[in-house]
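Good morning, and thank you for making time for this presentation.

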Amino acid sequence: MKAMTCGEAVMKLLSAYEVDTVFGMAGTMTVELYRGLASAGIRHVQCRNEQGASLMADGYARATGKPGVCTIIAGPGVTNAATGIAQAYCDSQPMLVLSGACATRTQGKGWGAIHELDDQAAVTAGFTAFSAMVRYPEELPELIARAYAVFRGSRPRPVHLSLPRDVLPEPVADDWKTRRAPSLPMPDPAAIEEAADRLAQAKRPLILVGGGAVGTRKALTDIAERIGAPVLSTNAGKGILPESHSLSLGASIVQEASQQALADADVVLLVGSELSAGDHFLLSKLEISGDLIRIDIDPTELTSVYSAAVPIQADACAAMARQNATTQITAVMRVSFMSSPPRESTQGPYPPRFEAR
């Protein structure tokens with residue numbers, strides 16, 4: 001039986017990772033990838049240009065929660081797709097970008113090879129989780145597994161793999177297998193309990209959610225209703241709590257009233273947002289004077305501009321579910337303690353060892 005080409009093996013492996021749709025434009029550099037689409041059972045959506053391919057892959061990721069995949073040519077194809085890749089990076093969306101590249105022997109030579117870039121991987125390095133130039137077919141199972149580790153086990157962001165035109169046609173004898181991605185980080189129980197205590201004691205709590213809080217609606221609603229906290233959202237977090245809910249302030253950070261509510265809160269629960277300038281469109285940072293509880297999958301965010309009194313590094317869905325359960329227990333205990341009558345002493349006025357004789 002004829003061996004698969006590297007391009008065909010890539011598509012077969014992506015199918016095993018449950019990829020069902022690829023957005024892109026065929027080119028002479030990427031034709032081997034396209035040979036593998038039909039046999040892998042992957043649908044292809046033809047785009048008018050590479051920017052459209054990357055934006056459609058971004059939209060697919062937002063709509064499905066699965067990594068969007070796009071195939072593009074080298075050089076101007078990569079730079080044309082940069083807008084969609086960078087947008088996915090800023091909004092923490094999983095995207096796998098498979099681009100062509102000049103033949104390995106011509107790279108860095110300045111020979112004027114078609115669609116030549118001096119260092120193509122470096123072009124997208126600043127707005128991807130990682131960008132790699134593939135030299136041998138055997139590198140791809142590890143690189144694709146590493147990409148899915150980013151997508152499924154950490155803060156999701158785009159990954160760019162450049163596939164030289166002389167590597168994609170090479171034969172692949174082995175049957176490439178998927179590799180298990182690491183689990184998402186789980187919350188520290190002690191931090192969850194501390195957060196529950198602070199929320200229960202808060203006089204003016206407020207919850208602020210971003211795009212990382214997608215999927216937490218039930219836990220978010222329960223916590224907000226239990227502690228009576230208004231819920232403010234960034235643009236990326238819009239709709240997590242329906243705006244018809246009485247506690248919803250919507251995506252209204254730009255409004256002075258919402259900024260004042262945030263400044264007046266004595267405890268703020270911030271879930272899944274870096275609160276970048278694109279979230280509030282202010283020249284300066286937001287005023288948060290109360291204790292800040294932060295839930296974020298990215299550890300660097302927990303010590304960034306808005307440092308946390310209670311930092312919780314975890315997947316937001318898992319952390320909010322645990323926070324909901326713990327907040328409920330804390331609330332019940334506080335109600336029980338406050339409503340219980342004082343106990344009558346069964347002893348005399350002295351401890352037993354000092355009883356009067």
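Helices and strands here are DSSP runs, numbered from the N terminus, with helices being H or I runs of at least four residues and strands being E runs of at least two. Please note that this is a predicted model, in which local features need pLDDT of at least 70 and side-chain atom pairs count only at pLDDT 80 or more, whereas totals for chains, interfaces and linings use all residues. Residues are numbered from 1 along each chain as its sequence is written, and side-chain values use heavy atoms, with hydrogens and water left out.

Is Ile-295 buried or exposed? Its relative accessibility is 1%, so Ile-295 counts as buried; buried means under 20% relative accessible area, exposed means over 50%, and partly exposed is in between, for a 1.4 Å probe and protein chains only. Leaving aside neighbours within four places in sequence, Ile-295 is in contact with several residues, among them Leu-269, Val-271, Ile-312, Ala-316 and Met-320. Contact means heavy atoms within 4.5 Å. Ile-295 and Ala-149 are separated by 146 residues in sequence and by 20 Å in space, C-alpha to C-alpha.

Let me turn to the chain as a whole. The secondary structure comes to 11 helices and 14 strands. The radius of gyration is 26 Å, well over the 21 Å that the globule rule gives for 357 residues, so the chain is more spread out than a compact globule. That radius is taken over C-alpha atoms, and the rule is 2.2 Å times the number of residues to the power 0.38. Along the principal axes, the C-alpha atoms fill a box of roughly 100 × 50 × 35 Å. Of the 357 residues, 48% are buried. Among contacts between residues at least 6 apart in sequence, 70% join residues at least 24 apart.

Next, the helix packing. Helix H1, residues 6–16, and helix H2, residues 31–40, pack at an angle of about 40°, with their axes 7 Å apart. Axes are lines fitted to C-alpha atoms, for helices over the stretch in contact, and angles run from 0 to 180 degrees between N-to-C directions. H1 and H2 are therefore oblique to each other; angles under 35 degrees count as roughly parallel, over 145 as roughly antiparallel, 65 to 115 as roughly perpendicular, and the rest as oblique.

Residues in this contact include Val-10 and Met-11 of H1, and Leu-33 and Leu-37 of H2. Within H2, the buried residues are Glu-32, Leu-33, Tyr-34, Gly-36, Leu-37 and Ala-40. Gly-41, with a positive phi near 75°, follows H2.

A second pair is helix H3, residues 50–64, with helix H4, residues 76–90, at an angle of about 25° and with axes 7 Å apart. That angle makes H3 roughly parallel to H4. Leu-55 and Arg-62 of H3 and Ala-81 and Ile-85 of H4 are among the residues making the contact.

I close with backbone angles. Most residues other than glycine have a negative phi. Glu-18, in the loop between H1 and strand E2 (21–24), has a positive phi near 70° and is exposed, with a relative accessible area of 55%. Leu-275, in the loop between strand E12 (267–271) and helix H10 (277–280), has a positive phi near 50°, but is buried at 3%.
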